[in-house]
Amino acid sequence: MIQADATDALFDMARTHRFFTDQPVGEDLLLRLYDLVKFAPTESNFCPMRLTFVTSKDGFDRVIEAAAPGNKDKIRSAPVVVIVAHDLEFNQNIPQLAPHMDAEAFAKNPANVLATKAVHNTWMQAGYLIIAARALGLDCGPMVGFDAEKINTLFYENSTWRASMLINLGYGVGGDQIRARGYRLSFDEACEMK
């Protein structure tokens, strides 16, 4: 069991950040981040999440072009914005990732079934990404307020990747830039035991 200070950093005290300091996030830290995330479990080890770490001015300009108005300044303030995407052809990697499966038979699933598996597992992996980023001392600002089709056109036009969400990464600005923690449902409101 991990210590209470670790659970504080990952959950109890961690907050969603809307704005960030200008402290850079090094490429070595992003590599370490992915190296942590890749080991988290997914359905049959499908691992459909794909990440685009945007750090260049041109990349930021394109993400901001697709962002909802209320998210543009948040994105501008972050040293890194991650486009979390899902690969519609994730099943191409099944022979390596899930050799216990019949990859050819699995590929015969309808396209909508494969796409649903890609999306669901990518959202699960995105949660791991946030936890791993917090474990490495980074703050996160996840968002879905953007035009996914525009992101797909600007970044993935000739690709099987499709945008699922954006996550700003960096070192968050505290103080009045952090909203009061919102209400969370109690165990009795959100859970049942049978």
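Residues are numbered from 1 along each chain as its sequence is written, and side-chain values use heavy atoms, with hydrogens and water left out. Because the model is predicted, local features need pLDDT of at least 70 and side-chain atom pairs count only at pLDDT 80 or more, while totals for chains, interfaces and linings use all residues.

**The whole chain**

The chain has nine helices and four strands. Helices (H or I, at least four residues) and strands (E, at least two) are DSSP runs, numbered from the N terminus. From that end, the elements run α-α-β-α-α-β-α-α-α-β-α-β-α. The C-alpha trace spans about 55 × 50 × 35 Å along its principal axes.

Buried residues make up 39% of the 194 residues. Buried means under 20% relative accessible area, exposed over 50%, and partly exposed in between (1.4 Å probe, protein chains only). Contact means heavy atoms within 4.5 Å. Of the contacts with a separation of 6 or more, 82% come from residues 24 or more positions apart.

How many residues of β2 are buried? Eight of the eight residues of this strand (residues 80–87) are, so β2 is largely enclosed by the rest of the structure. V80, V82, V84 and H86 point one way. V81, I83, A85 and D87 point the other way.

Two strands pair if DSSP finds at least two bridges between them.

| Partner of β2 | Sense | Bridges | Opposite residues |
|---|---|---|---|
| β1 (residues 49–54) | antiparallel | six | L51 and V84 |
| β4 (residues 161–170) | antiparallel | eight | L166 and I83 |

**Helix α7**

Helix α7 (residues 111–135) has 25 residues. From its first C-alpha to its last it reaches 36 Å, close to the 36 Å expected. The expected span is 1.5 Å times one less than the number of residues. Buried residues of α7 include L114, A118, N121, T122, Q125, A126, L129 and I130. An α-helix has 3.6 residues a turn, so residues three or four places apart point the same way. Just after α7, G137 takes a positive phi of about 90°.

**T42 and its loop**

T42 lies in the loop between α2 (27–37) and β1. Is T42 buried or exposed? T42 is buried, with a relative accessible area of 12%. Its side chain reaches the backbone nitrogen of F46 at 3.1 Å. The side chain of T42 also reaches the backbone nitrogen of C47, at 3.2 Å. Leaving aside neighbours within four places in sequence, T42 is in contact with C47, N121, M124 and Q125. Of these, N121 and Q125 are among the buried residues of α7.

**Cysteines**

The structure holds zero disulfides. C47 is in no disulfide, and the nearest cysteine sulfur, that of C140, is 20 Å away. A disulfide is a pair of cysteine sulfur atoms within 2.5 Å. C47 counts as buried, at 13% relative accessibility. C191 is partly exposed, with a relative accessible area of 38%.

Note on methods: Polar contact = N/O pair within 3.5 Å; in protein donor to acceptor, adjacent residues only side chain to side chain.
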